[in-house]
Amino acid sequence: MSFFGRRPKRSPTPTGSLSRQNSLTEGDGSNAKPLYLCSPFADAALVNGNFKTIVMLPKYVDVMEWVAVNIYDFYTNLNEFYGCITECCTQSSCPTMSAGSNLNYLWTTPERKQVSLSAPTYIDSVMSSVQNLLEDENVFPTKSGQDFHKESFPVTIKHVYRQFLRIFAHIYHAHFHQILHLRAEPHFNSLFAHFLAFGREYQLLDEKDIRGDPNAPVGVGLLWERWKTSGKLEKGAGEA
């Protein structure tokens, strides 16, 4: 049984074209350090402390139920953040699903072909598919007596988590300036730190997904390293 209420609708894909400012520091060209890795932006958060403490499984709660509830919350919150910057993520401003200087994510079709999509089309496809999953009683049961599928549910959730990571990575890479303009970086950083801590705790994310390929690294991989080193995501050596 799941404790889901009304399903939020995904943010619409914009059709207009708006100019956007780059998320790199000004005046340094393509080799500039991303703003999301610069102080004080990189360390802005709603609370101080270790995010691992808030992802631990509560007593008497089924682990699949706990994962399902958090997936729903991540979907809702990420969808709302994307809705705030959707006018700046257009077909013309974001022709690819970029997430690093040399990284563009490809969409896998039902025929298992990889195709390049614009970022808004890619994100809309992700949110549409996840919304359909959330509304599928066979995947996310909401009635008493229904159980999660022990074999297929973890596989489905890992795929969803990987797609959410890609959306986070694109927003940081291409739209962090808009996040700063909204003064929402503490909120967005906290959501992403929570997402990373939860994903690592329940083995929903592999390090290679966060880091990317050495020749095409994920931009937020360095942010993950920064937060991990600072103790925001996991306990340091010697801590109880």
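These legends go with an overall view and two close-ups of a predicted model.

Local features here need pLDDT of at least 70 and side-chain atom pairs pLDDT 80 or more, while totals for chains, interfaces and linings use all residues. Residues are numbered from 1 along each chain as its sequence is written, and side-chain values use heavy atoms, with hydrogens and water left out.

**View 1. The whole chain, for orientation.** You're looking at six helices and six strands (DSSP runs numbered from the N terminus: H or I of at least four residues for helices, E of at least two for strands). Along the sequence they run α-β-β-β-β-α-α-α-α-β-β-α. Of the 240 residues, 48% are buried (under 20% relative accessible area, 1.4 Å probe, protein chains only).

**View 2. Where helix H4 crosses helix H6.** The axes of H4 (residues 185-201) and H6 (residues 221-230) come within 11 Å and cross at roughly 80° (lines fitted to C-alpha atoms over the stretch in contact, with angles from 0 to 180 degrees between N-to-C directions). That makes H4 roughly perpendicular to H6, a label for angles of 65 to 115 degrees. On the H4 side, look for Asn189, Phe192, Ala193, Leu196 and Arg200, which meet Leu223, Trp224 and Trp227 of H6.

**View 3. Asparagine 70 and its contacts.** Asparagine 70 sits in helix H1 (residues 63-85). This residue is buried, with a relative accessible area of 6%. Setting aside neighbours within four places in sequence, asparagine 70 is in contact with His194 and Phe198 (heavy atoms within 4.5 Å).

Note on methods:
Angles under 35 degrees count as roughly parallel, over 145 as roughly antiparallel, 65 to 115 as roughly perpendicular and the rest as oblique. Buried means under 20% relative accessible area, exposed over 50%, partly exposed in between (1.4 Å probe, protein chains only).
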